[in-house]
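Biologist: I would like to learn how to read the packing of helices and strands in a model such as this one. Could we go through it feature by feature?

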Amino acid sequence: MAATKKKRTAGSADRIARAWTRLRRRPEVRALARLTRRDANPAWLVGGAVRDAALGLPIPEIDAAVGRDAEGLAASLERAGFGTAVFLSRDRPGPRVFRVAGRRTLDLAEIEGGSIERDLLRRDFTANAIAVALEDGRILDPLGGLSDLSRRRLRCVDPRNLLEDPLRALRAARFLATHELSPDAPTLAAARRAAPGLRRVARERIVVELSRLLEARRAAPALEWAARAGVLPAALGLELSEAEAARAARSLRPLDAPAFRRLPPESRRRLRLARLAGALGLPPEDTRRWLSGSRIARREAEEVARLQTLARSAGQLLVGVGVHGRRDAVAWLLEAGEAANDALRLASLSRRAGTRRGVTRLKRLARIPLRSVAVKGGDVIRWLSLPPGPRVGELLGQLRLEAALGAVRSRREARDWLAVQVRPRP
């Protein structure tokens with residue numbers, strides 16, 4: 001067993017060494033190495049870049065810890081054309097952090113405590129407390145982070161570090177979702193102690209972590225852990241009992257199925273938010289207010305609430321039952337537009353047998369391209385001598401439905417059909 005553990009740890013170190021060799025070829029990293037070497041300013045690759053390298057994952061952005069003057073280094077890299085220097089740590093505890101935002105992101109943080117060893121002791125988890133010297137690739141792992149990564153274990157460096165920044169308790173859940181790192185029992189206990197402080201963390205920071213969690217291929221186990229840790233209510237910006245939080249988290253289990261894992265991350269996120277809202281008994285309008293109040297973008301809040309509305313109406317359609325059933329189904333597909341597939345996925349989770357049958361029929365109908373006729377608002381105004389206004393939009397919507405049903409097949413037929421609609425009735 002010990003030999004196997006040692007072999008796995010060595011494998012992680014080898015992956016880091018290979019990644020360091022690749023990263024040092026990047027122009028922005030070469031420039032940073034030159035600047036820090038010139039000024040005798042020690043620099044280390046740290047955090048997510050090293051962790052993901054050890055796991056054999058892609059490294060989209062680089063975190064570096066420098067001995068001093070992160071601001072000056074960021075400004076020099078900006079002048080060299082590697083991106084725009086941005087001060088990141090204005091509203092968060094810890095060292096000064098600057099981002100060089102260019103084609104590839106590079107974050108520069110000043111070492112805390114006077115040495116890289118002390119700096120690592122102030123980090124959240126051992127998986128993030130591994131450093132690689134930028135100059136020669138030497139690996140520093142004082143807390144056994146490589147061993148923990150080889151076992152897929154998430155272990156906090158010190159419970160007090162989670163109290164210092166309670167967002168780290170939510171981040172533990174996020175790592176369970178995005179990296180399949182399982183928090184150990186002491187980390188769960190530390191997260192429970194830190195959970196009340198999450199209410200004081202800026203919502204914008206919480207939303208970043210929550211969004212990453214909800215975009216993961218599997219999110220239910222992480223949310224269930226967050227419920228046990230007591231951080232889920234604050235993460236969602238809601239007052240929930242422990243039982244309500246646990247029930248809401250469990251409701252996401254069906255969305256971890258293989259069919260949902262293949263969806264784009266933004267679809268997974270919106271479906272999970274809509275599913276959570278449904279599990280909490282929130283109607284679409286309340287969902288919109290909840291998400292907007294939680295600092296989630298207004299457009300996102302609107303789209304999630306719309307998914308709820310479309311899923312509910314899809315479940316109520318008598319699809320395929322007579323002419324009216326087909327007409328209602330086609331009208332639903334036209335209204336849903338690009339959101340149709342996600343709305344049907346959400347509706348398919350209903351336990352009502354009638355709803356599921358209707359959704360199945362709608363899915364089959366959605367695979368058939370709807371017919372259309374190229375008519376615009378300007379055509380309606382010109383053909384019917386109407387002023388611009390809501391009436392034009394209403395007529396266009398009705399015309400789209402008739403075309404989709406096959407009753408109108410050309411512009412000529414469209415013009416004739418429109419003329420009938422505005423003709424005075426005897």
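Biologist: In which hand does helix H8 cross H10?

Modeller: This is a predicted model, and in it H8 passes H10 in a left-handed crossing. As a general idea, two packed helices are described by the angle between their axes and the distance between the axes. Here H8 (residues 167-179) and H10 (residues 203-215) pack at an angle of about 15°, with their axes 8 Å apart. Angles under 35 degrees count as roughly parallel, and H8 and H10 are therefore roughly parallel to each other.

Biologist: Which residues in H8 meet which residues in H10?

Modeller: From H8 the contact takes in Leu-167, Leu-170, Arg-171, Ala-173, Arg-174, Ala-177 and Thr-178, which meet Arg-205, Ile-206, Glu-209, Leu-210, Arg-212 and Leu-213 in H10. Sorted by class, the residues of this contact of H8 with H10 are seven nonpolar, one polar and five charged.

Biologist: At what angle do helix H2 and H4 pack?

Modeller: Helix H2 (residues 27-38) and H4 pack at an angle of about 130°, and their axes lie 11 Å apart. That value makes H2 oblique to H4, and H2 passes H4 in a right-handed crossing. On the H2 side, Glu-28, Ala-31, Leu-32, Leu-35 and Thr-36 meet Leu-73, Ser-76 and Leu-77 of H4; by class, this contact has five nonpolar, two polar and one charged residues.

Biologist: Turning to the sheet, what is the order of its strands?

Modeller: The sheet is open and has seven strands, in the order E3-E4-E5-E2-E1-E6-E7, with mixed pairing. Its edge strands are E3 (84-87) and E7 (139-140), each of which pairs on one side only. Helix H4 (residues 70-79) packs on this sheet, touching E2 (61-66), E3, E4 (97-101) and E5 (105-110), and the direction of H4 makes about 155° with that of E5.

Biologist: Where do the side chains of a regular strand point?

Modeller: In a regular strand they alternate between the two faces of the sheet.

Notes: Residues numbered from 1 in each chain as written. Predicted model: local features only at pLDDT ≥ 70, side-chain atom pairs only at ≥ 80, totals over all residues. Heavy atoms only, no water. Pairing = 2+ DSSP bridges. Helix = DSSP H or I, 4+ residues; strand = E, 2+ residues; numbered from the N terminus. Contact = heavy atoms within 4.5 Å. Axes fitted to C-alpha atoms, helices over the stretch in contact; angles between N-to-C directions. Parallel < 35°, antiparallel > 145°, perpendicular 65-115°, else oblique. Left-handed = near helix turned anticlockwise from the far one by under 90°. Nonpolar A, V, L, I, M, F, W, Y, C, P; charged D, E, K, R; others polar.
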